[in-house]
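Please keep the sequence and the model in view while reading.

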Amino acid sequence: MTEFILKIPSNKKGKTLIEFLKQIDYIKIDEASAASVFQMGIKQSLADLKAGKTSSWKNKTIGLKNA
């Protein structure tokens with residue numbers, strides 16, 4: 001399954017798009033608030049920590065360049 005997060009600045013246009021997408025049979029729409037998206041991100045971060053998918057910052061440097 002592929003998931004997308006759309007940020008639509010106009011509420012009216014956003015509602016119109018959602019109503020259109022609801023008519024398509026292979027698209028499932030779950031509405032999520034910004035808080036729930038944030039919570040999902042924290043849960044994923046904690047899962048990464050538990051799985052050891054992280055590393056420490058000890059003795060590491062970051063170099064920044066102008067893009």
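The points below are grouped by topic.

The structure is a predicted model. Its largest pocket holds about 1,200 Å³ of space and is lined by 25 residues.

**The largest pocket**

- Among the 25 lining residues, those nearest the centre of the largest pocket are Phe-4, Ile-5, Leu-6, Ile-29 and Asp-30.
- Two helices, α1 (11-22) and α2 (34-51), each contribute at least two residues to this lining.
- Helix α1 provides the largest share of the lining, namely five residues.
- By residue class, the lining consists of 14 nonpolar, five polar and six charged residues.

- Ile-8 counts as partly exposed because its relative accessibility is 35%, a value between the limits of 20% for buried and 50% for exposed.

**The salt bridge**

- Side chains of opposite charge can pair when their charged atoms come close.
- In this model, the side chains of Lys-22 and Glu-19 form a salt bridge, with a distance of 3.8 Å from N to O.
- Lys-22 and Glu-19 are three residues apart in helix α1, so about one helical turn separates them.
- Lys-22 is partly exposed, with a relative accessible area of 47%, and Glu-19 is also partly exposed, with 45%.

**A residue with a positive phi**

- Most residues other than glycine have a negative phi.
- Asn-59 is not a glycine, yet it has a positive phi of about 60°.
- Asn-59 lies in the segment after α2.
- With a relative accessibility of 75%, Asn-59 counts as exposed, because exposed means over 50%.

**Positions along the chain and in space**

- Pro-9 is placed in the segment before α1, and its relative accessibility of 85% makes it count as exposed.
- Between Pro-9 and Gly-41 there are 22 Å in space from C-alpha to C-alpha, and the two are 32 residues apart in sequence.
- Ala-47 is part of helix α2 and is partly exposed, with a relative accessible area of 37%.
- The C-alpha atoms of Ala-47 and Lys-28 are separated by 26 Å, while the two residues are 19 residues apart along the chain.

How values were computed. Residues numbered from 1 in each chain as written. Predicted model: local features only at pLDDT ≥ 70, side-chain atom pairs only at ≥ 80, totals over all residues. Heavy atoms only, no water. 1 Å grid on protein atoms, 1.4 Å probe; cavity = no way out; pocket = protein on both sides within 12 Å on 5 of 7 lines; lining within 4 Å. Points joined across faces, edges and corners; volume = space filled by probe spheres on them. Helix = DSSP H or I, 4+ residues; strand = E, 2+ residues; numbered from the N terminus. Nonpolar A, V, L, I, M, F, W, Y, C, P; charged D, E, K, R; others polar. Buried < 20%, exposed > 50% of the residue type's maximum accessible area, 1.4 Å probe, protein only. Salt bridge = Lys/Arg side-chain N within 4 Å of Asp/Glu carboxyl O.
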